[in-house]
Amino acid sequence: MKPLPLLGAVSLNFPATAEPAPLRAQLRAAGIAAPRRVNRLIELALLGAHRCAGGRQLPAQSALFLGVTSGCIDDAAKLVRAVAANKPPTPISFINVSSNMAGYYTAASLGLQGENQVVAHAEFPWEATLQLAIISGQAPLLIGAAEECVWPLDQHRLRMALPAGQALLESSHWLCADPESTDASTLLRACRTFTDDSQLTSWLQDNPLPSHTRLSLAGTTAELPAVVASLPRWRDTAPAGFSGLRAASQCCEFVASGQTGSLLHLSRGNSGGWAALLIEAGCGG
């Protein structure tokens, strides 16, 4: 792939406590005007996207790509419970249950009129979103991922097949990128997926890593290929807790940190496949 210039990033992680954090208050405090009846996933997307924009007016033609794991799971659960009780869902809840609404509201709030896509992927949502954004040919790009929790949390853990008492995170992670930029010092060099260990090992052997590369991991206790096993580890500052967006968190945190060098992020899927991201920072454009 052609390197993708990255212009800015933000990574927001919110530990899920006994009661939902009041995201509406955070939106107001940040000066973000949000429609009155939007769901929690939309609020998370708005918070992260506006923080990434940093108060700047993004070009109207900017394309927006949003990745999700379970989509609007809270509204979906409420809809199913209502139907099971022979009650019709409310019109707004029925409309907002579509994950596409998070992308719509976010783009509308920022005044964006370019392509707008939402990607749902169980194993590699962040990598799938990046790949779609890259092949779209659009510029500039606002690329994000968001994930919500559902209360009561014990029921959410059961729904997600997680252990009792597992700490949980809500999150919103975003990148500003522009394939046409010629002066960006941070580049996404690679975004690849592999079906098994041998494919990943072959790619690593055929593509020598830059010097000063650090390694981050998500979703794996598997044995690492020897070519990367000795790399120094890089860890983001996200709090402990389950999230299906660890790759997005570590990628965006690395870009936002302003550190130089390279980050190789590897994610392991439940099916045994891998996803790899390579970011080079401080490369002088």
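Ser 267 stands opposite Ala 275 in β9. The strands here, β8 (residues 261-268) and β9 (residues 274-281), run antiparallel and are joined by eight bridges. Two strands count as paired if DSSP finds at least two bridges between them.

A word on the model: it is predicted, with local features needing pLDDT of at least 70 and side-chain atom pairs pLDDT 80 or more, while totals for chains, interfaces and linings use all residues. Numbering starts from 1 along each chain as its sequence is written, and side-chain values use heavy atoms, leaving out hydrogens and water.

Nine strands make an open, mixed sheet, ordered β3-β2-β4-β5-β1-β6-β9-β8-β7. At the edges stand β3 (116-120) and β7 (213-218), each with a single partner strand, so one side of each has no neighbour in the sheet. Neighbouring strands are turned by 20 degrees against each other on average, direction ignored; axes are lines fitted to C-alpha atoms, for helices over the stretch in contact, and angles run from 0 to 180 degrees between N-to-C directions.

The chain has ten helices and nine strands.

Overall, the C-alpha trace spans about 60 × 45 × 30 Å along its principal axes.

Methods. Helices (H or I, at least four residues) and strands (E, at least two) are DSSP runs, numbered from the N terminus.
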